[in-house]
Amino acid sequence: MVATNFYLILGAIIFAIGAVGVLSRRNALIIFMCVEMMLNSVNLTLIALSRQWNNLNGQMFVFVIMAVAAAEVAVGLAVLVSHFHHTKTANIDDINVLKW
Amino acid sequence: MFDVAWLLFALPAVGALVILLLGTRLPFKVVGWTASAAVMATFGVAAALYFGLLALPVDQRSVTIVYWQWMTIGNFQVPAAILIDPLSVLMALVVTGVGALIHIYSIGYMAHEERYQRYFFYLNFFILAMLTLVMSNNFLGMFVGWEGVGLASYLLIGFWFDRRDDMYGWYADAGKKAFIVNRIGDFGMLVAMFLIWSSLGTLVFTDLGEAVHGLAPAAATTICLLLLLGAAGKSAQIPLYVWLPDAMAGPTPVSALIHAATMVTAGVYMIVRTNALWHMSETAMLTAAWIGALTSLFAASIALVQTDLKKILAYSTVSQLGYMVMAVGLGAFGPAMFHLTAHAFFKALLFLAAGSVMHATSGVLDIRRLGGLRKKMPATYWTFAIGAAALAGIIPFSGFFSKDALLVAALEKNLAIYLVEIVAALLTAFYSFRAFFVTFHGRPRDEQLYAHVHESPQIMTIPLWILAALSVVAGLLNLPFILTLDKWLAPVVGAHEKINITIELLGILISIIISFFGLLMAWALYVRRESWPQRLARPFRFLQPMLENKWYIDEVYNMAIVGPLKAAAGWFARFFDPKIIDGAVNAVGEVAIDSGEAVRKLQNGAVPTYAFSIFLGVVAVVLYFVFAH
Amino acid sequence: MDFAMIFFILVGALSVGAAVGVVTAKVAVHSALFLLTHFVTLAILYITLDAQFLGAAQVIVYAGGIVILILFVLMLVGSENLDTRAGYRSWVPYAGLGLGAVLVAALGFAMLQTPLNPPVLPANLGGIPPVVGVYLYSQGILLVELVAVLLLVALLGALLLARRNPQEQDEGRGR
């Protein structure tokens, strides 16, 4: 039996790596992947705690998060593709009309 | 009988509304006669109330009709109620009677005026406000009317707001002057009302009589002096009389109705109405008496040298109002109301006759350009003569009896005031006949003008004749020793004090001599061109430039009050408002703009920086929960 | 150190390495492949946590669905090197790295303060499919309905967004 603490620390590490990826990469698709990683780190945490407290609700949360992630990927990629049609770029630095 | 009292207000209101809503679609005659009919019907209502009162026993002649509770704030209650008593009915009769005649006269006088609907609307509105003033049974209702007539006066003085000439400047400015000077008086009225409420606990006139017994003398003096300030504003007394001469910028029937017969007497009416208060303060009454006496002398002296017919009449109005205020100050309330009534007749007559002259000369009223109008305008000539004789106090015209009643009261109570008033009476007789002789006798001074002069149409001369007849016979209202009017008013102002018969006869004799002497001087100087009056006047020559410049009062007011106020206002407008007030407001805006400019750099559209902000927040929250919680 | 711990360290290290690979890979397709590895390692970890159903779902939804979708889009958009650095926000990655370190340190510190040892459960009470299924369709029924609606809306949204504007299509034809 591995203590829950280790799972939680692993989740934290993955979350931090994902966050750093979101902040440092330019390619919108890679940022997307990093966001997925962050979501998964939370999933890991929830499942570990679900076992810890012997409560299936944690797994239900993960179930919902997976559905949301799937929906998010579908919509997000659609936005990206649609935007790409207009600007021929997926570089996040060139997508900066969202201001003022 | 008293059930119809509401028609007093309904009729002029309906007249005004009809003209307001339909006036532009109706021909001139219809509008004029609608307004006149409304006022004539109102006169009928007032007469009905008079007969209603007459039918009651003397001690029950005070009927209050409460229509509804106007306002109730805590224990502060004001009813919307009218008081029908001898005083208010007298005023209502004068207002509607003279008002109706002047309405009819206006149909002729304003025939060529473009804005006649507006004129008649204002006039009906004035009647409504004036009736509110005189009929209301409490201070607040009276104040509503007080302000209403002030508004009507302002609107009508500035009726030709787009005109300007050398005498009045912009006519609209004359209206503004009247309005602003009246505000000073209204300030006194308002503060007096507050004090009355706080010290007596009632604003109802009929309750004053009982309530004043507990009043401290100092409080009574303060209240009465504040009321006097209000009366001085409305009735054009020193120091607030300056607006009335300028008010002559309005159409002449307006001068007759508002600025001679009715509105300006509101101050006198108000003092008579509140006589219970005045009995409590000797000081305030003496002050009122002296202010009235000095005003009458002062204004009469200015009227001596005026060359504009309406200005002469304006100053004589100020002077006659001074007589009335003097009389109420001496406690002679009955005689004051008598003079008020007689004055309403003969001064309205004089103004309307002057208006008739103006009508004939297309607006020229400078008596140095007139002369010899007697032959061309016989009706105007004779009616003006009757008016001038009444004003001068020639026996047996109404002015003689009414003024004599005041003078006798003064002779009995205060010799100093009596002497002042005798001089003023002499001046009055002189200037009224000066105006008369110069205008109507002698040879025409301006032939070209004279050639076009014509008598006014009948619609104007008939009101003149009616008013002339009233001016002649109004003395019968209150003949010495018979005192019909005094007895009529006794329930309101108390019984007439018995005057020593020797003093009474002496006073009458002096009045007759003085008035005839004034007449004689004017006749000698302006008709016969004899030199003795000039010799008589030589010691007073040094006064002439002072008089011609109206004692420099306007200039002094300009320098002492208007100038500093304008300078202060200018400073506020040029510096304080744009720099401090606007500065503060703009500074708030600029802080918002500048901080927005600074902060909007954060909103640069680059999504990673937004993500960074979120991440920063996440780390901060985590740190809080790990270490601080 | 027992077998389970050694297994956890191996899989966890692989998972972290794959995550670092996603962030650092120069070519986007490599990132996607690292992501696939990462997801699979996570699925294994789920199974060690007695969440067998979610482990399977992880492989199906993430590894089998999302990564494939991302790869499709990568091919559509083109996987040319997009990491041309723009100078004005060059500080963000470093600041992010610092913040990530702070976050891991803080959370690690908190985790080590209170050791959590899971209870030992009978084998059939974990996240095996029959248990999860019964739970989902009894207490979690509303959840399932909502997820269904969410997915439907997302489907329609994606359809709407990815579709070309009909007017543009007309213009294209006209040209």
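## Two helices side by side

Helix α3 of chain A and helix α3 (residues 52-77) of chain C pack at an angle of about 5°, their axes 11 Å apart. Axes here are lines fitted to C-alpha atoms, for helices over the stretch in contact, and angles run from 0 to 180 degrees between N-to-C directions. The pair is therefore roughly parallel, a term for angles under 35 degrees. Helices are DSSP runs of H or I, at least four residues, and strands are runs of E, at least two, numbered from the N terminus.

Residues are in contact if their C-beta atoms, placed from the backbone, lie within 7 Å. Among the residues of α3(A) that meet α3(C) are Val62(A), Met66(A) and Phe84(A); on the side of α3(C), they include Leu54(C), Gly65(C) and Val77(C).

## Basis of the model

This is a predicted model, in which local features need pLDDT of at least 70 and side-chain atom pairs count only at pLDDT 80 or more, while totals for chains, interfaces and linings use all residues. Residues are numbered from 1 along each chain as its sequence is written, and chains are lettered from A and ligands numbered from 1 in the order in which they are written.

## The wider contact

The contact takes 62 residues from chain A and 68 from chain C. On the chain A side, α3(A) gives the most, with 20 residues.

## Chain B

Chain B has 26 helices and 4 strands. Of its 629 residues, 52% count as buried, meaning that 20 or more other C-beta atoms, placed from the backbone, lie within 10 Å of the residue's own. In α3(B), 23 of the 24 residues are buried, so this helix is largely enclosed by the rest of the structure.

How values were computed:
Contact = placed C-beta atoms within 7 Å. Buried ≥ 20, exposed ≤ 12 C-beta atoms within 10 Å, placed from the backbone. Parallel < 35°, antiparallel > 145°, perpendicular 65-115°, else oblique.
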